[in-house]
Every structure is written in C-alpha cells, then in structure tokens.
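Subject: Structure handover

Hello,

Please find the structure below. My notes come after it.

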Amino acid sequence: RKFQRPTVLRPTHVEMGNTVVHNKEGVLKCIRKKDGFKVDKKYKEMILDDENVGADGAKLISECLKKDSTVTLLSLNNAKVPDAGVESLAACLQSNHQIATLNLANNGISEAPMNSLCQTLLTNNSLTKLNLSGNSLGDEGIAKLFLLFTQNFSITSIDVSSNGIGDKGAAAIGLHLKKNHTLHSLDLQNNKIGDVGAKSLCDCLRSNSTIKTLPLFGNPTGVFTPIWNEIENRLIINQKFASMRKGIEQNTTKRVNEIRNETETKVVELTALVEAKMIEVDKSHAILLEKMTEFEKYRAEAEKKNKELEKKVDALCDNLEKLQKDSEKKNKELEKKVDALCDNLEKLQKDSEKKNKELEKKNEKLSNELSKAQKAQEQLEKSLQKLEKKEAQLENDVKTVETTANKVDALFNQLEGRVRAAEAK
C-alpha cells in the first residue's frame with residue numbers, strides 16, 4: 001500500500017561539497033561512497049524509495065538532516081534500511097524538528113529499534129505522519145510503539161499494516177489509545193487480528209472519539225460481523241464528532257475574526273481619539289509653558305522683593321540691637337542713680353536718728369528750755385517736710401523710669417511683630 005505524500009516539490013539535485021548531483025542515482029552513489037551531501041534549501045522532500053540505501057546510507061542521511069532545517073518529508077520505502085539504520089534516523093529526529101512525514105515501509109524492520117525510536121518521539125513534536133507498514137514489528141514491537149501514544153500528542157496518522165500483529169498487539173493498541181486524543185488515522189490492514197483483538201479495538205473506540213479511519217481488511221476477523229459493524233458505527237460517530245468539532249472551530253475562528261475586526265476598528269477610533277487628545281495636550285502644554293514663563297517672572301520679582309525685605313529686616317534688626325544697647329545703658333544709669341538715692345536716704349535716716357537722739361538728750365537735759373526745743377522741733381518738722389518732698393520727687397522719678405521701660409518693651413514687641421511679618425512675607 002503506497003504512502004500518501006503531501007503535494008510539495010521533490011528535490012532535483014543534491015549538493016555534495018562543491019559538486020552538484022542532479023538525480024537520485026547520483027545521491028545513491030554519494031551514499032555508497034559514504035561522501036557528505038546536503039539537500040538544496042528550496043526543496044522540502046527527500047524521497048529515496050526502492051533504492052539500496054542500507055545502514056550506512058541511513059546514517060549518512062541522518063547526519064545530513066541533523067543540520068538541515070527545510071526537509072519536511074523523508075521517504076525510504078523499500079530502501080533496505082535495517083534496524084541499525086532506523087536507530088540512526090531516530091538519533092537524527094532528536095535534533096531535527098522539521099520532518100513531519102516519515103516513511104519506513106517495507107524494510108523488514110523488527111521490534112529491536114522501537115525503544116530508541118519511541119524514546120526520540122517522546123521529545124519530538126514535529127512528526128505527524130508515520131508509515132511502518134510491511135515490516136516485522138509483531139505484537140511486542142507494536143506494544144512498545146503504541147506505548148508512545150500515551151505521551152506523544154503530535155502524530156495524527158500511523159500505518160502499521162502487514163506487520164504480523166495479532167490479538168495481543170491489538171489489545172495493546174486499544175489499551176494505549178484510550179489515553180490519546182490526537183490520532184485520526186490508524187491502518188491495521190493485512191495483519192493477524194481476530195475477534196478478540198477487534199473487540200479490544202472496539203472497546204478503545206468507546207472512549208476515543210478522535211480516530212476517524214481504521215481499515216481492518218485482510219485480518220482473520222470476519223467482515224460485517226457484530227464487532228465489525230460496531231467498529232464501523234463508532235468510526236461514523238467519530239467522523240460526525242470531527243465534523244462538529246470542525247464546524248465549531250470554523251465558527252470560533254469566524255467569531256474570532258469578527259472580534260478581531262471590531263477590535264481593529266475600535267483601535268483605529270481610539271488612536272484617532274488619542275491623537276486628538278494628544279493635540280489638545282500639546283496645546284495645553286504650550287499654555288502651561290507660557291504660564292510657567294510668567295510664573296518665573298513673578299518668582300524673580302518676588303525674589304527681588306524678598307531680598308529688599310531681607311535688607312530692611314536686617315536694618316531693623318541692627319536698629320533694634322542699638323536700641324537694646326541704649327536701653328541697657330540707660331537702665332544701668334538709672335540703677336546707679338537709684339542706688340545713690342537709696343544711699344542718701346539711708347544717710348538721712350541715720351542723721352535723723354542721731355538728731356532724734358540728740359533731741360531726746362536735750363529734752364532730758366534741757367527741760368527748762370522748752371521753747372527752744374519747740375522751735376527746734378518745728379525746724380525738724382520743716383526738714384522732715386522737705387525730706388518728704390524729696391521722697392515724693394524720688395517716687396515720681398521711679399515712676400517715670402518704669403514708664404520709659406514699659407515704652408521700650410512696647411517698642412520691642414512692635415519690632416518683633418514687624419520682623420515676623422517680614423519673615424512670613
């Protein structure tokens with residue numbers, strides 16, 4: 001059964017160092033000579049079907065494709081690729097993530113290289129179609145291969161027809177595909193699957209709704225049996241589900257496109273609004289710059305006025321200091337005068353006390369001279385009146401000193417208020 005290849009260009013020539021080979025035979029000569037070659041970058045396929053590629057050729061192809069990033073299809077159908085060649089190609093797929101289709105049909109491959117191939121495909125997410133038909137995988141090889149489908153969700157089509165798969169292999173396929181929801185096509189024609197294996201596949205289709213094609217012709221299981229009919233019904237249901245999913249995806253994509261168009265129109269409108277707002281912002285920015293220049297002028301004038309006020313405040317402070325010094329001097333002079341007056345008063349008191357004592361003595365001694373004493377007493381009273389007048393004058397002087405001190409305090413308070421007002425300005 002031929003493998004369906006995508007409709008892309010096949011390579012017409014291959015580069016080997018500085019030499020260019022223009023046909024497939026030349027490529028095979030390069031492989032046989034173990035010479036290096038690489039595919040032209042503009043071609044997407046490497047097809048070497050029905051040629052004696054062998055293990056060495058497969059190794060050379062894998063070394064070439066490790067560096068190449070344009071080939072998406074590699075077909076080696078009936079190219080005599082042994083198990084060692086499959087392991088070389090598996091090593092190539094670890095680094096090459098461009099190959100989407102791999103055809104290894106009719107090469108007599110056994111179950112031996114399946115471990116390395118499956119280990120590679122666990123990390124490779126580019127391969128979507130795999131053809132291993134016409135080989136000798138058997139039940140064990142199929143069990144190893146389909147264990148991959150519990151973790152690989154990129155392969156959508158696999159052909160394992162004519163591989164000697166029995167009921168055990170079909171049971172392994174049904175068990176592992178229950179957890180897979182990406183495989184759409186599974187070809188099991190010309191194997192050894194009986195009713196037991198067909199039942200396992202039917203059980204698988206009850207939980208797997210993505211498999212749309214499952215050819216089983218050429219197997220021991222009977223055609224148009226109840227199991228066969230149930231498998232066909234399950235496949236029809238899966239196809240309907242697939243068409244429904246496709247319709248939903250189309251509707252969603254349509255709706256997404258509509259939303260995208262609406263958002264684009266809204267974005268255009270918003271960009272226009274933003275541009276208009278930006279023009280307004282530019283205008284307001286120009287007005288603000290004018291206001292800033294005016295503010296700078298006002299601030300310069302205010303700084304000048306503040307400097308003048310500072311000068312005046314400095315002058316007032318100097319005057320205040322002078323007034324304080326003058327008031328301190330006057331206070332000291334007044335204190336000296338008050339001290340002198342106090343000293344005089346003490347002297348007068350002492351003198352008066354002495355005179356009183358003398359008068360008492362005279363009164364005692366001179367009782368007879370009463371008239372004289374009375375006159376002396378009158379004189380004393382007159383002197384006392386004079387002293388009282390002097391005391392009154394002293395009290396008036398003290399009051400005048402206090403009033404001057406109060407005036408000085410009031411002037412000081414007024415100057416402090418003016419200084420604070422000037423600082424606030």
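This is a predicted model: local features need pLDDT of at least 70, side-chain atom pairs count only at pLDDT 80 or more; totals for chains, interfaces and linings use all residues.

Residues are numbered from 1 along each chain as its sequence is written, and side-chain values use heavy atoms, with hydrogens and water left out.

Salt bridges (a side-chain nitrogen of Lys or Arg within 4 Å of a carboxyl oxygen of Asp or Glu) number 5. One of them joins Asp203 to Arg206, with 2.1 Å between the closest N and O atoms. Both residues sit in helix α7 (residues 195–207), 3 residues apart; helices are DSSP runs of H or I, at least four residues, numbered from the N terminus. Asp203 and Arg206 also belong to a salt-bridge network with Glu230.

Glu258 and Arg255 are 3 residues apart, about one helical turn.

The largest pocket has a volume of about 370 Å³. A pocket is an open set of points on a 1 Å grid where a 1.4 Å probe fits, with protein on both sides within 12 Å along at least five of seven lines; lining residues have an atom within 4 Å of a point. Of its 16 lining residues, the closest to the centre are Leu323, Ser327, Lys330, Thr404 and Val408. Helices α8 and α9 (370–424) each supply at least two lining residues.

Regards

Conventions. Grid points are joined across faces, edges and corners, and a volume is the space filled by probe spheres set on the points.
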